[in-house]
Amino acid sequence: MYDKYKGHDIAVGGAGFGGTIGELTTNSFTSPGNRVDYSSHTVRLAAIYSFSETDDPAEQPDYLKSDWSGAYFGGGLSMSRHKVGFPDATNFLNMTNNVTQGSLRVEPSNEFEGDSTGGHLLAGYQHQFGRFIFGAEGDVELNNVFDHPRGPGGPACLTQLINFQQLGSGHAECIGTQLIFSDVKSLGHVRLKAGYEVTPALMAFVSGGLAIGRSPDQIGAGAFGFVANSPSSPLLGAATVLRSNMAETVYGASIGGGLEMKVSENLRLRGEYLYDKYKSLDIAVGGAGFGGTIGDITTNSFVSPGTKVDMSNQTVRLTAIYQF
C-alpha cells in the first residue's frame, strides 16, 4: 500500500553557522520551512477468516484436489535487513584535561545495520508424501545491496560541540571516527525444504541450506577533529584510509520458513522469512587517527577495521510461483 497524507502547515524558524577565519568563509543554514508532507509504503501479511453463508460445504475447486508435487519457478520482492560487524576493530576517543585530570573516553559500536529492497528469482522441485512435502530449490537475489559510505561532512561528532563537564570549561570540541564499507550483497541460496499440508490450499514449510553473498568492495576508516581552547589557535585535522577491490564471494548457512497458498491450478503465492549467516572474512586494512594537545586538553583518537568482517542478513520475501 502507498499512503499519501495532506500537507500540514507549520511555523518554525531556522539555525545557521557561518563566519570568516583566515582565508576561509563558511555559510550554512537549515530550516523546516512552513509545511510538512507525510507518505508511507507498507507491505502487509494477513491471515483472514471468512464466515460461510451456509452450513453446506461448497464443492471444492479442481485445483484444491491436486497435490503439491512438481517442478516450479517464480520470483518476487525481497526486503532485507543487513548486519555488518568488525569484531577486531579498534575505535576509540580519549580526551584528558591535563590540569584537573578530568577525562572522557568514547568507544563507538563497530556493528552496522541497514535495509535494502530488491527482487529474487527461484526454481525448484518438490514431491508430496501423504501430507508431507519435501523438495529442493535455488534462487538468485537481485539488487540486494547494503553499504555505509563516508558522509559528505565526514564522520559525525562523538563529542558534543560544547565542552564536556569532565573536561572542565573554556573549550569546545567535535571529534569523529567512522568505519566505511560499500556494496555488501546477498547473491542467492541453495536449500532443502520440508513442508506440511495444513489444508488442501495451504502449506507451511521450513528450509535450510547454503547462503551465497559478496563481501564489501571497499573497506576503510576515517577520523577528523576540531578542538578549540581560547586563546590558543584551534587544533584540527582529518585522515582517511580506504582499500578497494576487496570483494569476495562468501558462503554461509541459511535457515527459514513460511507459508505457501494455492490460488489456481498452477499459481502459488508464498511469504517467507530467511536468516543468513556468512563465514567471517579476513581483511588487512590500516587505520586513521586524530590527536594532539591544545591548552589544557589532550586528544587521542584512532579507528581501524581490524582483520575480520562478519556478515548476516534477515530477509522477508513475497513470491509468485508457477508450478507445473
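**Pocket and cavity**

Tutor: About 530 Å³ of space lies in the second largest pocket. The model is predicted: local features need pLDDT of at least 70 and side-chain atom pairs pLDDT 80 or more, while totals for chains, interfaces and linings use all residues. Residues are numbered from 1 along each chain as its sequence is written, and side-chain values use heavy atoms, without hydrogens and water.

Student: Which element gives the most residues to the lining of the second largest pocket?

Tutor: A pocket is an open set of points on a 1 Å grid over the protein atoms alone, with protein on both sides within 12 Å along at least five of seven lines; lining residues have an atom within 4 Å of a point. Strands are DSSP runs (E, at least two residues), numbered from the N terminus. Two or more lining residues come from each of β17 (249–262), β18 (267–278) and β22 (308–323). With four residues, the largest contributor is β18.

Student: What is the volume of the largest cavity?

Tutor: A cavity is a set of grid points where a 1.4 Å probe fits but cannot get out. Its volume is the space filled by probe spheres set on the points, which are joined across faces, edges and corners. The structure holds one cavity of 30 Å³ or more. The volume of the largest cavity is about 30 Å³.

Student: Which elements give two or more residues to the lining of the largest cavity?

Tutor: Residues lining the largest cavity include H82, K83, V184, K185, M311 and S312. The elements in question are β7 (70–85), β13 (171–199) and β22.
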